[in-house]
Amino acid sequence: MNNNFQYKNITLGSDPEFFIVNKKGKLVSSIGIIEGTKDRPQFLPALGKGFAIQTDNVLGEFNIPPSTTAHEATQNIAIMKAYITGFLSDKGLLPKYMASAVYPTSELKSKEAKAFGCSVDYNAWTEMPNDKPCGEKTSLRSAGVHFHLGYDNHNTPASLNAIKAFDLFLGVPSVMIDPDNKRRQLYGKAGCFRLTRFGFEYRSMSGYFISSNELTRWCFNQIFKAIDYLNEYGVSEILKDGELIQNAINNGDKSIAEALITKYNINIKY
């Protein structure tokens, strides 16, 4: 890949997943509560074009329209969170934005509750498909906040390089910020992605990162910092540190994460 490639006209999107609990804090399946599905999302025209909600296994998931700034993207997620809070409160329920949780078996009896993943995702470092976990063998469920990036003249080599930069600027500091250490038993290993018609979807971050507007804004700002780094320096130094980046994320190794954060002067304050 030519290091002179420039990422221009960036658009941001996201499809975060979330848990649902009742007022006693017990986890509740989204099946039968949320009408939209992966195949037929429930669009919300009252909020604007591009907002939608659906079930994803026993979790909820929502979509936001493309944005061009970190502020706009953060606001779009806040709009959906406010809608979800109101929608669920009418049913005596609450959303929870976190990385993983173990469900009671009473909420995992349906076929949908045992099905993981609508399509395969990939590892940008190996360029191989990731193993798909089996929903019938565990009561652990995980929530991701997937970040979508669009850019001019998008192509696979440029997307793979950007995903590796996202690992450095988002995945590595997430080891220091996210209190959860279970989600990556199922999903969210380093370099996790899918290619899209506009660029790619980065899938390594957990649902914890939309638990506050400050964390969400930090994520979108980090995306722009990753792109700025690539546009200025290219990917060569990141590739040299590839094994360290993967070990920090996949093993939750805070000592490696701290060293990388120091080397690249990465911001972990939000």
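Two strands pair if DSSP finds at least two bridges between them. Helices (H or I, at least four residues) and strands (E, at least two) are DSSP runs, numbered from the N terminus. This is a predicted model, in which local features need pLDDT of at least 70, side-chain atom pairs count only at pLDDT 80 or more, and totals for chains, interfaces and linings use all residues. Residues are numbered from 1 along each chain as its sequence is written, and side-chain values use heavy atoms, with hydrogens and water left out.

Strand β2 covers residues 17-22 and is mostly covered, with 5 of its 6 residues buried. Buried means under 20% relative accessible area, exposed over 50%, and partly exposed in between (1.4 Å probe, protein chains only). The pairings of β2 are tabulated here.

| Partner of β2 | Bridges | Direction |
|---|---|---|
| β6 (residues 59-63) | 2 bridges | antiparallel |
| β7 (residues 93-96) | 4 bridges | antiparallel |
| β3 (residues 27-28) | 2 bridges | antiparallel |

Glu17 has Glu61 of β6 as its bridge partner. Asn22 stands opposite Leu93 in β7. Ile20 is bridged to Val28 in β3. β2 and β3 form a hairpin with 4 residues between them. In that turn, Gly25 has a positive phi of about 90°.

**Aromatic pairs**

The structure holds 16 aromatic pairs. Rings of Phe, Tyr and Trp (its six-membered ring) pair if their centres lie within 6.5 Å; planes under 30 degrees apart count as stacked, over 60 as edge-to-face and the rest as tilted. One of the pairs is Phe5 with Tyr151, edge-to-face at 6.0 Å centre to centre and 85° between the planes. Phe5 lies in the segment before β1 (11-14) and Tyr151 in the loop between β12 (147-150) and α3 (156-177), so the pair ties together parts that are 146 residues apart in sequence. Both Phe5 and Tyr151 are buried.

Tyr122 and Phe193 form a tilted pair, 6.1 Å centre to centre with 45° between the planes. Tyr122 is in strand β9 (residues 122-123) and Phe193 in strand β13 (residues 192-195), so this pair links parts 71 residues apart in sequence. Tyr122 is partly exposed, at 31% relative accessible area. Phe193 counts as buried, at 5%. Elsewhere, Phe169, Tyr229, Tyr233 and Tyr264 form one aromatic cluster.

**Charges over rings**

A charge sits over a ring if NZ of Lys or CZ of Arg is within 6 Å of the ring centre and within 35 degrees of the ring normal. The charged end of Lys81 sits over the ring of Tyr97, 4.9 Å from its centre. The charged end of Lys164 sits over the ring of Trp125, 5.4 Å from its centre.

Gln246 lies in helix α6 (residues 242-251). Gln246 is buried, with a relative accessible area of 18%. Leaving aside neighbours within four places in sequence, Gln246 is in contact (heavy atoms within 4.5 Å) with Trp125, Ala190 and Asn251.

In helix α7 (residues 254-263), the buried residues are Ile256, Ala257, Leu260 and Ile261. They cover an arc of only 135° around the axis, which puts them on the same side of α7. That arc is taken from the directions from the helix axis to the C-beta atoms. The buried residues of α7 pack against α3 and α6. Asn265 follows α7 and has a positive phi, near 50°.

**Cysteines**

How many disulfides are there, taking a disulfide as a pair of cysteine sulfur atoms within 2.5 Å? The count comes to 0. The sulfur of Cys219 is 15 Å from the closest cysteine sulfur, in Cys192, too far for a bond. Cys192 is buried at 3% relative accessible area, and Cys219 is buried at 0%.

Note on methods. A disulfide is a pair of cysteine sulfur atoms within 2.5 Å.
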